[in-house]
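Dear colleague,

I am passing on a structure that will be new to you, together with some notes on its aromatic side chains. Please open it first and keep it beside you as you read on.

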Amino acid sequence: MRRLVAGTGWKMNNGIADSIRYAEELKARIASLDTSAIDIYVLPPFTSLAAAAQALAGSPVAVGGQNMHWEDAGSWTGEISAPMLLEAGCRYVELAHSERLRHFGETYELVRRKVDKAMSAGLTPIVCLGESAREKAEGRAGQVLAEQVLTSLGGQPDERVPEIILAYEPRWAIGAAEAASPAYIGERHRALRAVLRQRCGAGIAERTRIIYGGSVTPENARAILDIEDVDGLFVGRAAWRAEGFARIVERVADAAKMKTEDK
Ligand code: PGA
């Protein structure tokens, strides 16, 4: 069975002091929940990573970076490497967020190199995948997502693929008024798992987590988690405050419990 995931990316929010406050409040709010069956992460901005990791040490909440360079060190002004993330206390790294692709010219070819580095460094990559509104309207979502995932996985050996978290985040649903509909999310997650099955075989596809992001809230979390191929939630705005993320974590922990009871 796949462990469900509750994650949030803070984007360019929460400096050091706010990150520590967030961490303390989150710990207190989730202390009474049984989170043993789920994976929880927060992705603070770079300058807050070490402080957040320290404040969350010993808690069920792990910390990750929002981006990373594919080299360990060198003349790459403004960049951050895998060893630096590890030293700051990170266990995860988000790659290919649509804002990185859109505003900073990243490509999936670069993402593939970053996935390789994260895997060899021992960071869990969270690889974002998503079609634009136009690609959706043109009926090309399936093809675009397949290309994105296959490029990102590159030459990764099949048996390591389940260590990667795939995050389906339709670009038109990020920062939007509403999430994608459950029916549409179900369709896309099913198709992504079929791509994995073709590339790596049924067993690997069954073990690989595909989480959903894009206008998730505590209110719609339940309906999205009920979708068969959805293995967790990746949240922006609704989790920029500890109270909101704690409610998301609670929904994911509940869903994990129900899935265990169903088995
Ligand atoms: P949102 O952001 O939840 O604010 O839509 C999601 C994301 O960018 O991952």
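Rings of Phe, Tyr and Trp, taking the six-membered ring of Trp, are said to pair if their centres lie within 6.5 Å. Please bear in mind throughout that this is a predicted model.

By this rule the count comes to 6 aromatic pairs. One of them joins Tyr41 and Tyr92, whose ring centres are 5.0 Å apart and whose planes meet at 40°, and because planes under 30 degrees apart count as stacked and those over 60 as edge-to-face, this pair is classed as tilted. The pair links distant parts of the chain, with Tyr41 in strand β2 (residues 38-43) and Tyr92 in strand β4 (residues 92-95), 51 residues apart. Tyr41 is buried, at a relative accessible area of 0%, and Tyr92 is likewise buried, at 4%. Together with Phe234, Tyr41 and Tyr92 make up one aromatic cluster.

Trp70 and Trp76 form an aromatic pair as well, and this one is edge-to-face, with 5.5 Å from centre to centre and 65° between the planes. Trp70 is buried, with a relative accessible area of 15%, whereas Trp76, at 39% relative accessibility, counts as partly exposed.

Notes: Residues numbered from 1 in each chain as written. Predicted model: local features only at pLDDT ≥ 70, side-chain atom pairs only at ≥ 80, totals over all residues. Heavy atoms only, no water. Helix = DSSP H or I, 4+ residues; strand = E, 2+ residues; numbered from the N terminus. Buried < 20%, exposed > 50% of the residue type's maximum accessible area, 1.4 Å probe, protein only.
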